[in-house]
Number of protein chains: 2
Amino acid sequence: MKIRTIFALCLATATLTLTSCNSSQKDENVTTPIENIMTRTSIRAFTPEKLTDAEIETLLRAGMAAPTAVNKQPWDFVVVDDPALLDSLQAALSKAPITRANCQQVIVVCGNMQKALEGDAQAYWIQDCSAATQNILLAAHAMGLGAVWCGVLPIKERIEAVSAVLKLPSFVRPLCVIPVGHPAEAPQPKDKWKSENVHRNAAW
Amino acid sequence: MKIRTIFALCLATATLTLTSCNSSQKDENVTTPIENIMTRTSIRAFTPEKLTDAEIETLLRAGMAAPTAVNKQPWDFVVVDDPALLDSLQAALSKAPITRANCQQVIVVCGNMQKALEGDAQAYWIQDCSAATQNILLAAHAMGLGAVWCGVLPIKERIEAVSAVLKLPSFVRPLCVIPVGHPAEAPQPKDKWKSENVHRNAAW
């Protein structure tokens, strides 16, 4: 074997190794789950680009991965991308950034009383659906998307208006509306750490 | 230069590259935020190892990073590691895995009505504190710890019992108790995806 051939072979190996190295090094910049939690913030302005069905499914899978009391999974998720319905939802939630001009789709997180616990424990659905909502917000942030939690429950007029727009059955209650999309703003995450919020044992 | 020298040089370069590659490849195994959401599951059995103050602070910082209605941050967090109090909390929450024999510490997530919104909107604190709870569960999982959401509200007897054990002021309401620690079990995460939970626009 000639020197040149050996050298070329070695160079090719090194190049190949370096190439695969570069793709690995990219992973050093992957956001960790805790960084993702700490840097998530509400996004209210979006580009005109719609989410893909796969992106929406990832968000919904994250939502359904939340824990629920007695594993009841007492929820339904309504994906709204009809422009007229988006305008109607915006009218129902005065300050929400949902108009068709700003937002291509929202996810409405609902409790389903046919799946919920009974009696006093029924209200656990609110905590279950809140956990699902938080998972969706975190997943959106991890995907480079933006989202914001627009409260519906417990405001009676909002519950009625959203239920009417989406023709929800009487056993389905909207908790919140999540506008989600590609961010058209980059606000600084708030630092909400306050040591005075922390207490030890029974010494309030 | 001799063939052997060139070959040795090339081999050294390749080895060096591969070594630095290996450290990068390790990062490929870093859990992404979405994997962390999808693989979190409830952990109810713990080793005797206590959490460090730094670990507890990370969990609490994650909790306080949750979004809240009108940014009210209507919460307080009680860290309980006193063995007698743990036993008392276990007595207050019959099925919770909180005895001193099993669990070294819990975080009690509370709403503070002096910080909450007023009127009908006050109840948003439940959603705010639920988002904080979910952040704590996800942060624990990301840190290799385990945790479980033990419901208190809306069950009146549990609210009263937990409030009495922790001597909570009347304006502070316990939402849930989170036993947290080093896992002594490794249950399989549940697959809770159900396509029938997903609806489009106003077509229920």
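Start by selecting Asn71(B), which sits in the loop between H3 and strand E1 (75-80) of chain B. Helices here are DSSP runs of H or I with at least four residues, strands are runs of E with at least two, and both are numbered from the N terminus. Phi of Asn71(B) is near 50 degrees, a positive value in a residue other than glycine. At 33% relative accessibility, Asn71(B) counts as partly exposed; buried means under 20% relative accessible area, exposed over 50%, and partly exposed is in between, using a 1.4 Å probe and protein chains only.

Before you click on, a word about the model. It is a predicted one, where local features need pLDDT of at least 70 and side-chain atom pairs count only at pLDDT 80 or more, while totals for chains, interfaces and linings use all residues. Residues are numbered from 1 along each chain as its sequence is written, chains are lettered from A and ligands numbered from 1 in the order in which they are written, and side-chain values use heavy atoms, with hydrogens and water left out.

Now hop over to chain A and pick Val70(A), in the loop between helix H3 (53-64) and E1. Val70(A) has a positive phi of about 55 degrees, though not a glycine. Is Val70(A) buried or exposed? With 63% relative accessibility, Val70(A) counts as exposed. For background, most residues other than glycine have a negative phi, and most peptide bonds are trans.

Zoom in on Leu153(A) and Pro154(A): a cis peptide bond joins them, with omega at about 10 degrees. Pro154(A) is in the loop between strand E4 (150-151) and H6 of chain A. Then select Leu153(B) and Pro154(B), also joined by a cis peptide bond with omega of about 10 degrees. Pro154(B) lies in the loop between strand E4 (150-151) and helix H6 (156-166) of chain B.

Back in chain A, show helix H6, residues 156-166. Colour Ile159(A), Val162(A), Ser163(A), Val165(A) and Leu166(A), which are buried. Looking down the axis of H6(A), you'll find these buried residues within an arc of 160 degrees, so they line one face of the helix; the arc is that of the directions from the helix axis to the C-beta atoms. What covers the buried residues of H6(A)? Strand E1 (75-80), helix H4 (83-92), E2 and strand E5 (172-181) of chain A are included in the cover. On the face turned away from the buried side, H6(A) carries the exposed residues Lys156(A), Glu157(A) and Ala164(A). Just past the end of H6(A), Lys167(A) takes a positive phi of about 50 degrees.

Next, the cysteines. A search of the whole structure finds zero disulfides over all chains, a disulfide being a pair of cysteine sulfur atoms within 2.5 Å. Select Cys150(A): it is in no disulfide, and the nearest cysteine sulfur, that of Cys176(A), is 8.1 Å away. Cys150(A) is buried, with a relative accessible area of 11%. From Cys176(A), the closest cysteine sulfur is in Cys129(A), at 8.1 Å, too far for a bond. Cys176(A) is buried as well, at 0% relative accessibility.

Now show H5(A) together with helix H5 (residues 124-142) of chain B. The two pack at an angle of about 60 degrees, with their axes 8 Å apart; axes are lines fitted to C-alpha atoms, for helices over the stretch in contact, and angles run from 0 to 180 degrees between N-to-C directions. H5(A) and H5(B) are therefore oblique to each other. (Angles under 35 degrees count as roughly parallel, over 145 as roughly antiparallel, 65 to 115 as roughly perpendicular and the rest as oblique.) To see the contact, display residues including Ile126(A), Ser130(A) and Leu138(A) of H5(A) and Ile126(B), Ser130(B) and Leu138(B) of H5(B); contact means heavy atoms within 4.5 Å.

Leu59(B), Ala62(B) and Gly63(B) of H3(B) make the contact with Ala132(B), Asn135(B), Ile136(B), Ala139(B) and Ala140(B) of H5(B).

Last stop: Ser42(B), in the loop between helix H2 (33-39) and helix H3 (53-64) of chain B. Ser42(B) counts as buried at 15% relative accessibility. Leaving aside neighbours within four places in sequence, Ser42(B) is in contact with Ala147(B), Val148(B), Glu185(B) and Pro187(B).
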